[in-house]
Amino acid sequence: MGLGAGLPAMKRGFLAVAVAAALGLAGACGSGAGGGGGGGDSINVGVLMPGGGDSRFGRFDRPLIEKQVKVVCPECPAATVAATSDPTVQQQQFEAMITRGVDVIILAAVDPKLMRPTVEAAHRAGIPVVAYDRLAEGPISGYVTFDGDKVGRLQGEALLKAMRARGNGRRIVMMNGATTDPNSAWYKGGALAVLKGKVTIGKSYDTVGWRPENAYDNMTGAISALGAENIDGVLSANDSMAGAVVAAFKAAKVAKPPPVTGQDADLMAVQRIVKGTQYMTVYKPYKRATDATVGMAVALGRGEKVGAIATGSIDSPTTKDVPAVLLPSVPVTVGNIEDTLVKDGLYTVEQICVPALRPACDRAGLT
(Lines give C-alpha, C1' and ligand atoms only; values in the text may rest on other atoms or scores of the structure.)
Protein backbone atom coordinates (compact mmCIF):
# COMPACT_ATOMS: atom_id res chain seq x y z
CA MET A 1 0.00 0.00 0.00
CA GLY A 2 1.34 3.43 -0.85
CA LEU A 3 2.33 6.13 1.59
CA GLY A 4 -0.82 7.68 3.02
CA ALA A 5 -3.23 5.26 1.34
CA GLY A 6 -6.27 4.39 3.39
CA LEU A 7 -5.75 7.17 5.97
CA PRO A 8 -8.46 9.69 6.87
CA ALA A 9 -8.23 12.97 4.96
CA MET A 10 -6.92 14.97 7.93
CA LYS A 11 -4.15 12.44 8.61
CA ARG A 12 -3.25 12.28 4.90
CA GLY A 13 -2.90 16.05 4.87
CA PHE A 14 -0.68 15.98 7.94
CA LEU A 15 1.40 13.20 6.39
CA ALA A 16 1.81 15.15 3.15
CA VAL A 17 3.01 18.24 5.05
CA ALA A 18 5.46 16.08 6.99
CA VAL A 19 6.77 14.57 3.77
CA ALA A 20 7.12 18.01 2.19
CA ALA A 21 8.99 19.30 5.22
CA ALA A 22 11.34 16.32 5.17
CA LEU A 23 12.06 16.79 1.49
CA GLY A 24 12.63 20.49 2.02
CA LEU A 25 15.16 19.83 4.79
CA ALA A 26 16.86 17.24 2.62
CA GLY A 27 17.49 19.99 0.07
CA ALA A 28 20.40 21.15 2.22
CA CYS A 29 22.21 18.00 1.10
CA GLY A 30 23.35 16.97 -2.39
CA SER A 31 24.45 19.23 -5.20
CA GLY A 32 22.08 22.09 -4.52
CA ALA A 33 22.20 22.88 -8.24
CA GLY A 34 18.48 22.83 -9.00
CA GLY A 35 16.77 24.00 -12.13
CA GLY A 36 17.85 21.48 -14.75
CA GLY A 37 21.50 20.92 -14.05
CA GLY A 38 24.19 23.52 -13.58
CA GLY A 39 25.90 21.54 -10.82
CA GLY A 40 28.27 19.56 -13.05
CA ASP A 41 27.81 15.81 -13.39
CA SER A 42 26.36 15.44 -9.88
CA ILE A 43 22.60 15.96 -9.94
CA ASN A 44 19.64 15.37 -7.65
CA VAL A 45 17.03 13.00 -9.07
CA GLY A 46 13.50 13.08 -7.66
CA VAL A 47 11.23 10.04 -8.08
CA LEU A 48 7.46 10.04 -7.59
CA MET A 49 5.79 6.62 -7.55
CA PRO A 50 2.02 5.85 -7.46
CA GLY A 51 2.44 3.13 -4.85
CA GLY A 52 4.96 1.60 -2.48
CA GLY A 53 5.22 -1.36 -0.17
CA ASP A 54 3.73 -4.47 -1.74
CA SER A 55 2.66 -2.75 -4.94
CA ARG A 56 4.46 -3.50 -8.18
CA PHE A 57 6.04 -0.03 -7.97
CA GLY A 58 7.33 -0.63 -4.47
CA ARG A 59 8.72 -4.11 -5.15
CA PHE A 60 10.20 -3.66 -8.62
CA ASP A 61 10.29 -0.18 -10.12
CA ARG A 62 11.51 1.84 -7.15
CA PRO A 63 14.51 -0.31 -6.15
CA LEU A 64 15.55 -0.71 -9.80
CA ILE A 65 15.43 3.06 -10.37
CA GLU A 66 17.39 3.78 -7.18
CA LYS A 67 20.05 1.23 -8.10
CA GLN A 68 20.37 2.45 -11.69
CA VAL A 69 20.80 6.08 -10.60
CA LYS A 70 23.95 5.04 -8.73
CA VAL A 71 25.16 3.00 -11.71
CA VAL A 72 24.68 5.80 -14.24
CA CYS A 73 25.73 8.57 -11.88
CA PRO A 74 27.96 7.25 -9.06
CA GLU A 75 28.72 10.78 -7.90
CA CYS A 76 25.03 11.68 -7.55
CA PRO A 77 23.25 11.70 -4.18
CA ALA A 78 20.78 8.89 -3.63
CA ALA A 79 17.52 9.52 -5.45
CA THR A 80 14.82 11.25 -3.43
CA VAL A 81 11.79 8.95 -3.64
CA ALA A 82 8.20 9.52 -2.54
CA ALA A 83 5.35 7.04 -3.02
CA THR A 84 1.60 7.30 -2.56
CA SER A 85 -1.61 6.15 -4.17
CA ASP A 86 -3.34 9.42 -3.19
CA PRO A 87 -3.22 11.99 -6.03
CA THR A 88 -3.44 14.98 -3.69
CA VAL A 89 -0.58 13.72 -1.56
CA GLN A 90 1.49 13.07 -4.70
CA GLN A 91 0.89 16.63 -5.84
CA GLN A 92 2.22 17.88 -2.49
CA GLN A 93 5.23 15.60 -2.76
CA PHE A 94 5.89 16.95 -6.25
CA GLU A 95 5.68 20.55 -5.03
CA ALA A 96 8.11 19.74 -2.21
CA MET A 97 10.64 18.42 -4.75
CA ILE A 98 10.33 21.61 -6.80
CA THR A 99 10.91 23.65 -3.65
CA ARG A 100 13.90 21.54 -2.79
CA GLY A 101 15.34 22.28 -6.24
CA VAL A 102 15.97 18.79 -7.58
CA ASP A 103 17.52 18.73 -11.05
CA VAL A 104 15.10 16.29 -12.70
CA ILE A 105 11.94 14.42 -11.70
CA ILE A 106 10.77 10.93 -12.70
CA LEU A 107 6.99 10.97 -12.43
CA ALA A 108 4.67 7.97 -12.43
CA ALA A 109 1.49 9.97 -11.93
CA VAL A 110 -1.45 8.78 -9.87
CA ASP A 111 -3.67 11.25 -11.76
CA PRO A 112 -1.93 12.78 -14.81
CA LYS A 113 -4.60 15.45 -15.31
CA LEU A 114 -4.45 16.63 -11.70
CA MET A 115 -0.65 16.70 -11.88
CA ARG A 116 -0.55 18.96 -14.97
CA PRO A 117 -0.24 22.32 -13.09
CA THR A 118 2.64 20.93 -11.04
CA VAL A 119 4.40 19.66 -14.18
CA GLU A 120 4.01 23.18 -15.56
CA ALA A 121 5.46 24.60 -12.33
CA ALA A 122 8.47 22.29 -12.65
CA HIS A 123 8.94 23.45 -16.25
CA ARG A 124 8.92 27.10 -15.14
CA ALA A 125 11.53 26.22 -12.52
CA GLY A 126 13.73 24.64 -15.20
CA ILE A 127 13.26 21.10 -13.88
CA PRO A 128 12.71 18.49 -16.63
CA VAL A 129 10.09 15.80 -15.97
CA VAL A 130 10.31 12.26 -17.34
CA ALA A 131 6.94 10.51 -17.31
CA TYR A 132 7.27 6.86 -16.28
CA ASP A 133 4.71 4.14 -17.00
CA ARG A 134 1.83 6.64 -17.30
CA LEU A 135 1.73 9.49 -19.80
CA ALA A 136 1.66 12.71 -17.78
CA GLU A 137 0.09 15.92 -19.00
CA GLY A 138 1.95 19.21 -19.27
CA PRO A 139 5.41 19.99 -20.73
CA ILE A 140 7.15 16.68 -20.00
CA SER A 141 10.60 16.10 -21.50
CA GLY A 142 10.48 12.33 -21.96
CA TYR A 143 8.31 9.25 -21.54
CA VAL A 144 9.11 5.58 -20.94
CA THR A 145 6.50 2.85 -20.78
CA PHE A 146 5.40 -0.49 -22.14
CA ASP A 147 3.26 -0.47 -25.27
CA GLY A 148 -0.23 -0.42 -23.77
CA ASP A 149 -1.98 -1.42 -26.98
CA LYS A 150 0.18 -4.55 -27.10
CA VAL A 151 -0.57 -5.32 -23.45
CA GLY A 152 -4.31 -5.24 -24.16
CA ARG A 153 -3.90 -7.35 -27.28
CA LEU A 154 -1.89 -9.97 -25.39
CA GLN A 155 -4.64 -10.17 -22.76
CA GLY A 156 -7.38 -10.43 -25.38
CA GLU A 157 -5.56 -13.09 -27.40
CA ALA A 158 -4.86 -15.17 -24.29
CA LEU A 159 -8.47 -14.94 -23.14
CA LEU A 160 -9.78 -16.10 -26.51
CA LYS A 161 -7.35 -19.02 -26.50
CA ALA A 162 -8.39 -20.09 -23.01
CA MET A 163 -12.09 -19.80 -23.79
CA ARG A 164 -11.70 -21.85 -26.97
CA ALA A 165 -9.93 -24.55 -24.97
CA ARG A 166 -12.80 -24.71 -22.50
CA GLY A 167 -15.42 -24.48 -25.23
CA ASN A 168 -18.06 -23.07 -22.91
CA GLY A 169 -19.20 -19.91 -24.70
CA ARG A 170 -18.22 -16.32 -25.46
CA ARG A 171 -19.70 -14.00 -22.82
CA ILE A 172 -17.09 -12.04 -20.89
CA VAL A 173 -16.80 -9.39 -18.22
CA MET A 174 -14.27 -6.58 -18.69
CA MET A 175 -12.60 -5.25 -15.54
CA ASN A 176 -10.80 -2.18 -16.85
CA GLY A 177 -8.52 0.21 -14.98
CA ALA A 178 -9.20 3.69 -13.63
CA THR A 179 -10.33 6.40 -16.04
CA THR A 180 -7.83 8.77 -14.40
CA ASP A 181 -4.99 6.62 -15.78
CA PRO A 182 -4.50 7.10 -19.55
CA ASN A 183 -2.99 3.61 -19.75
CA SER A 184 -6.42 2.15 -18.94
CA ALA A 185 -7.92 3.31 -22.22
CA TRP A 186 -4.80 2.09 -24.01
CA TYR A 187 -5.09 -1.42 -22.57
CA LYS A 188 -8.84 -1.48 -23.17
CA GLY A 189 -8.48 -0.39 -26.79
CA GLY A 190 -5.88 -3.07 -27.49
CA ALA A 191 -8.05 -5.77 -25.94
CA LEU A 192 -11.17 -4.68 -27.80
CA ALA A 193 -9.28 -4.68 -31.10
CA VAL A 194 -8.75 -8.42 -30.58
CA LEU A 195 -12.08 -9.28 -28.96
CA LYS A 196 -14.43 -7.32 -31.24
CA GLY A 197 -16.88 -9.60 -33.01
CA LYS A 198 -15.58 -12.67 -31.16
CA VAL A 199 -17.16 -12.24 -27.72
CA THR A 200 -20.24 -10.80 -26.09
CA ILE A 201 -19.42 -8.29 -23.36
CA GLY A 202 -21.89 -8.99 -20.58
CA LYS A 203 -20.57 -6.27 -18.27
CA SER A 204 -17.74 -3.74 -18.52
CA TYR A 205 -16.43 -1.72 -15.59
CA ASP A 206 -13.96 1.15 -15.23
CA THR A 207 -12.49 0.39 -11.81
CA VAL A 208 -12.12 3.47 -9.63
CA GLY A 209 -8.52 3.87 -8.47
CA TRP A 210 -7.56 0.42 -9.80
CA ARG A 211 -8.60 -0.70 -6.31
CA PRO A 212 -9.17 -4.45 -5.76
CA GLU A 213 -12.07 -3.78 -3.40
CA ASN A 214 -13.88 -1.92 -6.18
CA ALA A 215 -13.13 -4.73 -8.63
CA TYR A 216 -14.52 -7.21 -6.10
CA ASP A 217 -17.76 -5.24 -5.78
CA ASN A 218 -18.04 -4.94 -9.57
CA MET A 219 -17.43 -8.64 -10.12
CA THR A 220 -19.92 -9.55 -7.42
CA GLY A 221 -22.47 -7.39 -9.22
CA ALA A 222 -21.68 -9.04 -12.56
CA ILE A 223 -22.08 -12.53 -11.09
CA SER A 224 -25.41 -11.51 -9.57
CA ALA A 225 -26.67 -9.94 -12.81
CA LEU A 226 -25.43 -12.52 -15.31
CA GLY A 227 -25.10 -15.69 -13.29
CA ALA A 228 -21.68 -17.25 -12.71
CA GLU A 229 -22.47 -20.05 -15.14
CA ASN A 230 -23.01 -17.47 -17.90
CA ILE A 231 -19.60 -15.83 -17.57
CA ASP A 232 -17.06 -17.55 -19.83
CA GLY A 233 -14.05 -15.28 -19.24
CA VAL A 234 -12.91 -12.12 -17.46
CA LEU A 235 -10.60 -9.57 -19.06
CA SER A 236 -8.95 -8.10 -15.96
CA ALA A 237 -6.53 -5.27 -16.70
CA ASN A 238 -4.10 -6.11 -13.89
CA ASP A 239 -3.24 -8.74 -11.31
CA SER A 240 -4.54 -7.06 -8.16
CA MET A 241 -7.98 -6.78 -9.76
CA ALA A 242 -7.67 -10.35 -11.06
CA GLY A 243 -7.21 -11.48 -7.47
CA ALA A 244 -10.40 -9.65 -6.51
CA VAL A 245 -12.23 -11.26 -9.44
CA VAL A 246 -11.12 -14.73 -8.34
CA ALA A 247 -12.18 -13.93 -4.76
CA ALA A 248 -15.64 -12.88 -5.96
CA PHE A 249 -16.10 -16.22 -7.75
CA LYS A 250 -14.93 -18.04 -4.64
CA ALA A 251 -17.44 -16.10 -2.51
CA ALA A 252 -20.13 -17.14 -5.00
CA LYS A 253 -19.05 -20.77 -4.39
CA VAL A 254 -17.80 -21.26 -7.94
CA ALA A 255 -15.36 -24.18 -7.73
CA LYS A 256 -13.52 -23.39 -10.95
CA PRO A 257 -13.65 -19.77 -12.17
CA PRO A 258 -13.53 -19.01 -15.88
CA PRO A 259 -10.24 -17.84 -17.45
CA VAL A 260 -9.06 -14.55 -15.93
CA THR A 261 -6.31 -12.34 -17.36
CA GLY A 262 -3.95 -10.02 -15.51
CA GLN A 263 -0.89 -7.79 -15.78
CA ASP A 264 2.28 -7.05 -13.77
CA ALA A 265 3.36 -10.62 -12.88
CA ASP A 266 2.62 -10.18 -9.18
CA LEU A 267 3.86 -13.12 -7.13
CA MET A 268 0.37 -13.94 -5.87
CA ALA A 269 -0.91 -13.84 -9.45
CA VAL A 270 1.82 -16.23 -10.56
CA GLN A 271 0.82 -18.55 -7.74
CA ARG A 272 -2.82 -18.32 -8.85
CA ILE A 273 -1.71 -19.24 -12.38
CA VAL A 274 0.07 -22.31 -11.01
CA LYS A 275 -3.00 -23.17 -8.97
CA GLY A 276 -5.28 -22.69 -11.97
CA THR A 277 -7.52 -19.88 -10.71
CA GLN A 278 -5.97 -17.21 -12.97
CA TYR A 279 -5.12 -18.01 -16.57
CA MET A 280 -2.39 -15.51 -17.47
CA THR A 281 -0.55 -12.32 -16.65
CA VAL A 282 1.48 -9.86 -18.71
CA TYR A 283 5.10 -9.58 -17.63
CA LYS A 284 6.86 -6.29 -18.20
CA PRO A 285 10.66 -6.59 -18.03
CA TYR A 286 10.92 -3.71 -15.59
CA LYS A 287 14.69 -3.32 -15.70
CA ARG A 288 14.61 -2.34 -19.36
CA ALA A 289 12.10 0.38 -18.52
CA THR A 290 13.88 1.67 -15.43
CA ASP A 291 17.25 1.70 -17.20
CA ALA A 292 15.82 3.79 -20.06
CA THR A 293 14.05 6.11 -17.62
CA VAL A 294 17.12 6.76 -15.49
CA GLY A 295 19.22 7.26 -18.62
CA MET A 296 16.78 9.90 -19.83
CA ALA A 297 16.51 11.56 -16.43
CA VAL A 298 20.25 11.83 -15.82
CA ALA A 299 20.85 13.17 -19.34
CA LEU A 300 18.13 15.79 -18.96
CA GLY A 301 19.31 16.71 -15.46
CA ARG A 302 22.73 17.42 -16.97
CA GLY A 303 21.19 19.49 -19.74
CA GLU A 304 21.85 16.89 -22.45
CA LYS A 305 19.67 15.60 -25.30
CA VAL A 306 17.86 12.26 -25.09
CA GLY A 307 17.60 11.47 -28.79
CA ALA A 308 20.03 8.57 -28.50
CA ILE A 309 17.86 6.98 -25.78
CA ALA A 310 14.40 7.61 -27.23
CA THR A 311 13.21 5.11 -29.84
CA GLY A 312 10.43 7.36 -31.08
CA SER A 313 8.03 10.07 -29.96
CA ILE A 314 4.48 10.31 -28.68
CA ASP A 315 1.85 13.04 -28.34
CA SER A 316 0.29 13.65 -24.95
CA PRO A 317 -3.02 15.52 -24.54
CA THR A 318 -0.96 18.70 -24.05
CA THR A 319 2.46 18.19 -25.65
CA LYS A 320 3.50 17.11 -29.13
CA ASP A 321 6.49 14.92 -30.04
CA VAL A 322 7.58 13.87 -26.57
CA PRO A 323 10.74 11.72 -26.85
CA ALA A 324 9.58 8.23 -25.90
CA VAL A 325 10.60 4.63 -25.35
CA LEU A 326 7.82 2.04 -25.81
CA LEU A 327 8.86 -1.43 -24.70
CA PRO A 328 7.36 -4.86 -25.47
CA SER A 329 5.71 -7.11 -22.88
CA VAL A 330 5.56 -10.89 -22.47
CA PRO A 331 2.45 -13.04 -21.89
CA VAL A 332 2.89 -15.57 -19.10
CA THR A 333 0.81 -18.72 -18.58
CA VAL A 334 1.54 -21.80 -16.51
CA GLY A 335 3.62 -23.29 -19.32
CA ASN A 336 6.27 -20.57 -19.58
CA ILE A 337 6.75 -19.30 -16.01
CA GLU A 338 10.21 -20.89 -15.78
CA ASP A 339 11.36 -19.56 -19.17
CA THR A 340 10.26 -16.00 -18.38
CA LEU A 341 9.91 -14.95 -14.76
CA VAL A 342 12.33 -17.44 -13.24
CA LYS A 343 14.88 -17.10 -16.05
CA ASP A 344 14.86 -13.29 -15.69
CA GLY A 345 15.37 -13.56 -11.95
CA LEU A 346 12.06 -11.95 -11.03
CA TYR A 347 11.24 -14.88 -8.75
CA THR A 348 12.83 -18.16 -7.76
CA VAL A 349 10.99 -21.46 -7.99
CA GLU A 350 11.14 -21.60 -4.19
CA GLN A 351 9.34 -18.24 -3.91
CA ILE A 352 6.59 -19.40 -6.23
CA CYS A 353 6.25 -22.98 -5.05
CA VAL A 354 5.36 -22.58 -1.38
CA PRO A 355 4.50 -25.88 0.37
CA ALA A 356 0.77 -25.60 -0.32
CA LEU A 357 1.48 -25.30 -4.05
CA ARG A 358 4.00 -28.13 -4.36
CA PRO A 359 1.58 -30.57 -6.03
CA ALA A 360 0.47 -27.89 -8.52
CA CYS A 361 4.10 -26.94 -9.17
CA ASP A 362 4.93 -30.58 -9.81
CA ARG A 363 2.14 -30.76 -12.37
CA ALA A 364 3.38 -27.55 -13.97
CA GLY A 365 6.94 -28.91 -14.23
CA LEU A 366 8.36 -26.25 -11.94
CA THR A 367 9.63 -28.70 -9.31
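Predicted model: local features only at pLDDT ≥ 70, side-chain atom pairs only at ≥ 80, totals over all residues.
View 1. Helix α3 covers residues 87-100, which makes 14 residues in all. From its first C-alpha to its last it reaches 20 Å, close to the 20 Å expected at 1.5 Å a residue. You can check this by counting along the helix in the structure above.

View 2. Just after α3 comes Gly101, with a positive phi of about 90°.

**View 3. The buried residues of α3.** Which residues of α3 are buried? They are Val89, Gln90, Gln91, Gln93, Phe94, Ala96, Met97, Ile98 and Arg100. As you trace them, keep in mind that an α-helix has 3.6 residues a turn, so residues three or four places apart point the same way.

**View 4. An open sheet of three strands.** Reading across the sheet, the order is β7-β6-β8, and the pairing is parallel. β7 (200-206) and β8 (233-236) stand at the edges with a single partner strand each, so one side of each has no neighbour in the sheet. From one strand to the next, the twist averages 15°.

**View 5. Where β6 meets β7.** Strands of a sheet pair through backbone hydrogen bonds. Here, six bridges join β6 (residues 171-176) to β7, and the two strands run parallel.

View 6. Helix α6 (residues 182-195) lies across β6, β7 and β8. Relative to β6, helix α6 runs at about 165°.

Key:
Residues numbered from 1 in each chain as written. Heavy atoms only, no water. Pairing = 2+ DSSP bridges. Helix = DSSP H or I, 4+ residues; strand = E, 2+ residues; numbered from the N terminus. Axes fitted to C-alpha atoms, helices over the stretch in contact; angles between N-to-C directions. Contact = heavy atoms within 4.5 Å. Expected span 1.5 Å × (residues − 1). Buried < 20%, exposed > 50% of the residue type's maximum accessible area, 1.4 Å probe, protein only.
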